[in-house]
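Have the sequence and the 3D view side by side before reading on.

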Amino acid sequence: MTRVYLDHAASTPMIPAALQTLLELSGQVGNSASLHGSGRAARRVVEESREQVAAALGAHPTEVIFTSGGTESDNLAIKGMAWAARAADPARNRVVVSAVEHHAILDPAHWLHSAQGFEVDEIPVDGDGRPDIHMPFLGPDVAVASLMWANNETGTLQPIEDLVDAARTTGVLTHSDAVQAVGSVPVDFGASGLDALTVSGHKLGGPIGVGALLARRGLALTELAHGGAQERARSGTMNAPAIGAFAVAVEAAVADQSTFAARVGALRDHLVAGILASVPDATLNGGSDRLPTHANITFPGCGSDDLLMLLDASGVEVSTGSACTAGVPQPSHVLLAMGRSESDASSSLRFSLGRTTRADDIERAVAAAADAVRRLRHQ
Ligand SMILES: Cc1ncc(COP(=O)(O)O)c(C=O)c1O
């Protein structure tokens with residue numbers, strides 16, 4: 001039985017061109033900091049990749065900092081900007097995030113509070129998962145504010161323009177985690193007015209363990225790890241093979257974005273319609289302004305983990321929004337912030353589609369979800 005993979009938001013397969021680049025470059029020796037020919041060849045891969053990523057995302061090459069992925073980019077952004085802003089102006093002692101951020105933002109923000117003495121505000125969200133960003137949240141005591149471009153559990157698109165507008169008057173630094181958005185919706189760093197933006201390789205057809213932080217020229221960033229200072233505000237030998245493959249994937253994802261969005265959006269709508277028709281009390285989460293790839297659905301009275309296991313047994317791979325803390329499943333913090341009950345937040349599944357998703361995957365997922373709900377309700 002072939003498996004139906006509908007967990008592309010967790011990790012999506014590498015596109016063939018990126019895989020080929022990764023394999024080819026992995027066979028070549030060379031540290032991009034070395035001065036000999038092999039080192040210079042590795043350096044060339046890195047610098048050409050930097051230009052490719054910058055061109056695809058509306059940035060200047062000097063604004064691209066290669067990292068080990070979304071988590072490192074988010075940490076570098078929020079800590080690096082908060083530290084640098086407070087060092088320049090001790091009154092800037094506050095960090096603002098939305099309540100529905102990924103843990104790669106929430107956890108460093110809370111660490112900045114517990115270990116570093118910053119105040120942290122989590123901006124509440126409405127029933128669709130969108131915060132109302134306005135001035136009182138972004139006063140002159142704020143160092144950095146971070147709002148994801150699109151939510152990873154529901155796909156809800158976030159009001160980035162409102163963030164940039166509100167931050168402008170008080171000089172607050174702005175960051176957006178665009179890990180889920182690049183390749184699914186247009187993302188232009190330069191046009192956004194943001195100070196920094198996070199991208200991750202394995203969410204857009206590149207390898208796991210590589211990504212970038214786009215950081216505006218002149219933006220002060222304090223480094224997380226000290227060492228060889230290979231990148232602006234980042235140390236560590238450059239992973240030239242992964243960076244080369246990442247650049248190929250970013251370029252392809254951005255070039256194909258509108259075609260992909262139209263195709264996958266139609267499949268996603270078909271999935272949602274099929275599930276809501278066969279499970280009439282199921283509800284779709286996240287409003288109408290969402291990524292074309294995501295569908296987060298609550299199945300009242302059915303535990304997410306039980307649903308996930310039954311779907312997995314029938315060959316359909318999805319995810320729950322919830323996290324596990326010490327082996328105990330926790331309801332999704334995103335759905336709770338959106339005002340869902342604990343029970344609904346523990347009865348929801350995320351279906352996320354990608355480039356390899358086909359129409360018959362959707363038929364199988366609808367049938368498997370309907371069957372799983374029936375079995376759970378009749379046991
Ligand atoms: C919104 C968001 N931010 C950050 C990350 C972390 O990215 P990475 O897996 O590259 O560390 C993820 C991954 O799930 C994500 O969905």
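**The ligand and its surroundings**

The shell around the ligand is made up of two nonpolar, eight polar and three charged residues. In this sorting, Ala, Val, Leu, Ile, Met, Phe, Trp, Tyr, Cys and Pro count as nonpolar, Asp, Glu, Lys and Arg as charged, and the others, Gly among them, as polar. The model is predicted, with local features needing pLDDT of at least 70 and side-chain atom pairs pLDDT 80 or more, while totals for chains, interfaces and linings use all residues. Residues are numbered from 1 along each chain as its sequence is written, and side-chain values use heavy atoms, leaving out hydrogens and water.

There are 13 residues around the ligand, and those that come nearest are Thr71, Asp177, Gln180, Ser200 and Lys203; to be near, a residue needs a heavy atom within 4 Å. Helix α3, residues 70–88, gives the largest share of this shell, three residues. Helices here are DSSP runs (H or I, at least four residues), numbered from the N terminus.

For aspartate 177, a polar side-chain atom lies 2.6 Å from a nitrogen atom of the ligand. In histidine 202, the polar side-chain atom is 2.8 Å from a ligand oxygen atom.

On a 1 Å grid over the protein atoms alone, a pocket is an open set of points with protein on both sides within 12 Å along at least five of seven lines, whereas in a cavity a 1.4 Å probe fits but cannot get out; lining residues have an atom within 4 Å of a point.

The largest pocket holds about 270 Å³ of space. It is lined by 21 residues, with Thr71, His102, Val179, His202 and Lys203 closest to its centre. Seven nonpolar, 10 polar and four charged residues form this lining.

Two cavities of 30 Å³ or more are found in the whole structure. The largest cavity has about 130 Å³ of space, and among its 15 lining residues His8, Gln180, Ser184, Lys203 and Thr293 lie nearest its centre.

Note on methods. A polar contact is a pair of N or O atoms within 3.5 Å; within protein, one must be able to donate a hydrogen and the other to accept it, and residues adjacent in sequence count only if both atoms are side-chain atoms. Helices (H or I, at least four residues) and strands (E, at least two) are DSSP runs, numbered from the N terminus. Grid points are joined across faces, edges and corners, and a volume is the space filled by probe spheres set on the points.
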